[in-house]
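Here are my notes on this one, jotted down while going through the model. Have it open next to you as you read.

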Amino acid sequence: MKFNDHFLSKLKTAQKVVFFTGAGISAESGISTFRGKDGIWNKLKPEELASFDAFMRNPKLVWEWYQYRRKIAHDTKPNLGHEAIKQFEKLVDEVTVVTQNVDNLHNRAGSKNVLELHGNIERNYCTDCRTFFSPDEISKLENESGSESPRCSKCSGLIRPDVVWFGEFLPQDVFSEAERKASGCDICFVVGTSAIVYPAAYIPITARQSGAFIVEVNIESTEMTRIADESFFGKAGEVLPKIVEKAKEIRIN
Ligand code: OAD
């Protein structure tokens, strides 16, 4: 892989780094992306599975769809891309991962500062009283609910996954913190995302407007390519480890 001098000088001196990630970073772990060749939204309609209206219309169907996705996430593990991001923590003062993914793989890879813009499929809460339930409690409530989707042990409200659905707001505190980190970083890596879903896609734009160097890692060009200072076209699990190796070499010497 070829690195130009401008990129290398940024990589050598950067202290605060943001990784803005999307479904593509988990593709090599076997989790489908949303768009593109085998994207989920080519086959299924988001408004039938990923909206509050859909959930109220058919809670069981939506619950089962998220249970299915949760099982896929459990059965896989973080890949070399997630691990490379974790490795970066040893090289610079501050690494923040701002992810659109709900699969929990950055946390499982050990990344310390993970901001989840679209929630986390591992967490669930009651739509009425907002009580959160652990995975063990959910298994118990699922057994008790028989063929229905699980209900809250306190108020019998429907339990939903803590993910952001179409038409819903992002968690404001998480988004504000992500904007703050983006506006103070030296490099923002934009990894495995089509970068077309807003407001999440404002994060790399904020970074750029604040003077950060933008580096895209994707298997193909995207909306980000126009504004990126550098694009590496390849799989995240192959490109990111090479960038980490290079960073080790030039920052230690
Ligand atoms: P997309 O499915 O829109 O985009 C995935 C991107 O990953 C594409 O640009 C692919 O080219 C790229 N890609 C695929 N495999 C890759 C690999 N091995 N290495 C690097 N890049 C790869 O997914 P997101 O951008 O994450 O929202 O989608 C954004 C949001 O749209 C999601 O968070 C979700 C969805 O609707 C909500 O659930 C709210």
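Is A195 buried or exposed? With a relative accessible area of 3%, A195 is buried (that is, under 20% relative accessible area, with exposed being over 50% and partly exposed in between, using a 1.4 Å probe and protein chains only).

Before the rest, some ground rules. This is a predicted model, where local features need pLDDT of at least 70 and side-chain atom pairs count only at pLDDT 80 or more, while totals for chains, interfaces and linings use all residues. Residues are numbered from 1 along each chain as its sequence is written, and side-chain values use heavy atoms, with hydrogens and water left out.

1. A195 is not a glycine, yet its phi is positive, about 55°. A195 sits in the loop between β7 and α11 (helices are DSSP runs of H or I with at least four residues, strands are runs of E with at least two, and both are numbered from the N terminus). The loop between β7 and α11 (202-209) also holds P199, and the peptide bond joining Y198 and P199 is cis, with omega about 5°. R130 is another non-glycine residue with a positive phi, near 70°; this one is in the loop between β4 (119-126) and β5 (132-133). R130 counts as exposed, at 54% relative accessibility. As background, most residues other than glycine have a negative phi, and most peptide bonds are trans.

2. The main core. The largest nonpolar core has 30 residues, and F7, L11, F19, F88, F189, L240 and I243 are those with the most contacts inside it (a nonpolar core is a set of buried Ala, Val, Leu, Ile, Met, Phe, Trp, Tyr and Cys residues joined through side-chain atoms within 4.5 Å). Elements that each supply at least two residues of this core include α1 (5-13), β1 (16-21), β8 (213-218) and α12 (236-252). The largest share, 7 residues, comes from α12. A second, separate core has 22 residues, among them F20, A178, I203 and A212.

3. Buried residues in α12 include A236, V239, L240, I243, K246 and I250. Leaving out residues up to four places away in sequence, L240 touches F19, I25, G81, A84, I85, V191 and V217 (contact means heavy atoms within 4.5 Å).

4. Aromatics. There are 14 aromatic pairs (rings of Phe, Tyr and Trp, the last by its six-membered ring, pair if their centres lie within 6.5 Å; planes under 30 degrees apart are stacked, over 60 edge-to-face and the rest tilted). W65 and Y68 make a stacked pair, 6.4 Å centre to centre with 25° between the planes. Both are in helix α6 (residues 59-75), and being 3 residues apart there, they are separated by about one helical turn. W65 counts as buried at 10% relative accessibility, whereas Y68 counts as exposed at 52%. Y198 and Y202 form an edge-to-face pair, 4.8 Å centre to centre and 65° between the planes. Ring pairs also link F52, F55, W65, Y66, Y68 and W165 into a cluster.

5. Charges over rings. R160 lies over the face of W165, 3.9 Å from the ring centre, and R70 lies over the face of W63 at 5.2 Å (the rule: NZ of Lys or CZ of Arg within 6 Å of the ring centre and within 35 degrees of the ring normal).

6. Domains. The protein is divided into domain 1 (1-31 + 78-118 + 170-253) and domain 2 (32-75 + 123-163), with bounds from an automatic or database domain assignment. Taken over C-alpha atoms, their centres are 28 Å apart. Domain 1 puts 14 residues into the contact and domain 2 puts in 11 residues.

7. Two single residues to look at. S111, in the loop between α8 (105-109) and β3 (114-116), is buried, with a relative accessible area of 7%. Apart from neighbours within four places in sequence, S111 is in contact with I85, K86, E89, V97 and H106. P59 lies in helix α6 and counts as buried at 19% relative accessibility. P59 touches S149 and L158, not counting residues up to four places away in sequence.
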